[in-house]
Amino acid sequence: MFRRKLKALQYPEADDFDHTDQAQLRSVALWLEEQKIRHLTAEARGPLRQLDSDQWPAAYQQYLQQLAAPVSGEDAPGALDWLLGRAVRLSYGDNLKKYQSVQSNGTAERANAPKVPSQNPLDNLDFNSADFVSGVERLASILDVPSHPDHLVTLEAVCSLVSERLNSQALADPSQIVVKGTAFPLDDADLGFDTGDPVLNRAAKVLRLLYIRDLRQLQTAINEILVAVQNLIADPRTDTRLGKVGR
């Protein structure tokens, strides 16, 4: 995952990058700031350039806070992934004309079509601005939604929670939403295979349960459709006057 983004950003040592190597991680973070993100002035990058300093983690954490990053420097993979994502977005913005010249079939016609001003205020929002990212993180914190390195993924999780748990029907009758009964013994459940990693095994069990839940919801929707169709066509009434006996 990291190497693919590093290659897209033309990092010179992308093939040999190892995110578990702290020295490489620090070098990449500095390279991203100096070559792609460029949030700090040249003088302000001094602490980040001291790669061997004991104060580098503190400088890195301060740098992430200045960028309004939703992750901490202690989460090295998450922070790096977020920085890479930001660098990719900025790199795309710097070369917007270059990418706009690449068009698929029908794109040119759509580009030449008249533009109608949108009346939706959400279309005018900057979903990557620092204020928007900070607002998503505060909302996620209030709702106890785990944070993701990509704030848009966090926003999607928040939307899912609000639509399922905070809709008008759920607020009117919370008993329909609140799960009752004994908790499922996840650790005792049989996965059916072994990945060799207890953490991955547990994650696979969760994914399997979520898949089963989706299948149950699909089956319920199918049953409701069948009942609705039967109500339309299963009418036993007949008109005997239309019947004929013999020729």
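User: What share of the 247 residues in the protein is buried?

Analyst: Buried means under 20% relative accessible area, exposed over 50%, and partly exposed in between, with a 1.4 Å probe and protein chains only. Here, 23% of the 247 residues are buried. This is a predicted model, where local features need pLDDT of at least 70, side-chain atom pairs count only at pLDDT 80 or more, and totals for chains, interfaces and linings use all residues. Residues are numbered from 1 along each chain as its sequence is written, and side-chain values use heavy atoms, with hydrogens and water left out.

User: Okay, how many helices and strands does the protein have?

Analyst: Helices (H or I, at least four residues) and strands (E, at least two) are DSSP runs, numbered from the N terminus. This protein comes to 11 helices and 0 strands.

User: Which residues touch the most other members of the largest nonpolar core?

Analyst: In soluble globular proteins, nonpolar side chains tend to be buried together. A nonpolar core is a set of buried Ala, Val, Leu, Ile, Met, Phe, Trp, Tyr and Cys residues joined through side-chain atoms within 4.5 Å. The largest one here has 28 residues, and Leu 32, Leu 48, Tyr 60, Tyr 63 and Leu 83 touch the most other members. Helices H1 (2–8), H2 (22–37), H4 (56–66) and H5 (76–94) each supply at least two of its residues.

User: And is Ile 222 buried, partly exposed or exposed?

Analyst: Ile 222 sits in helix H11 (residues 198–233). Its relative accessibility is 35%, so Ile 222 counts as partly exposed.
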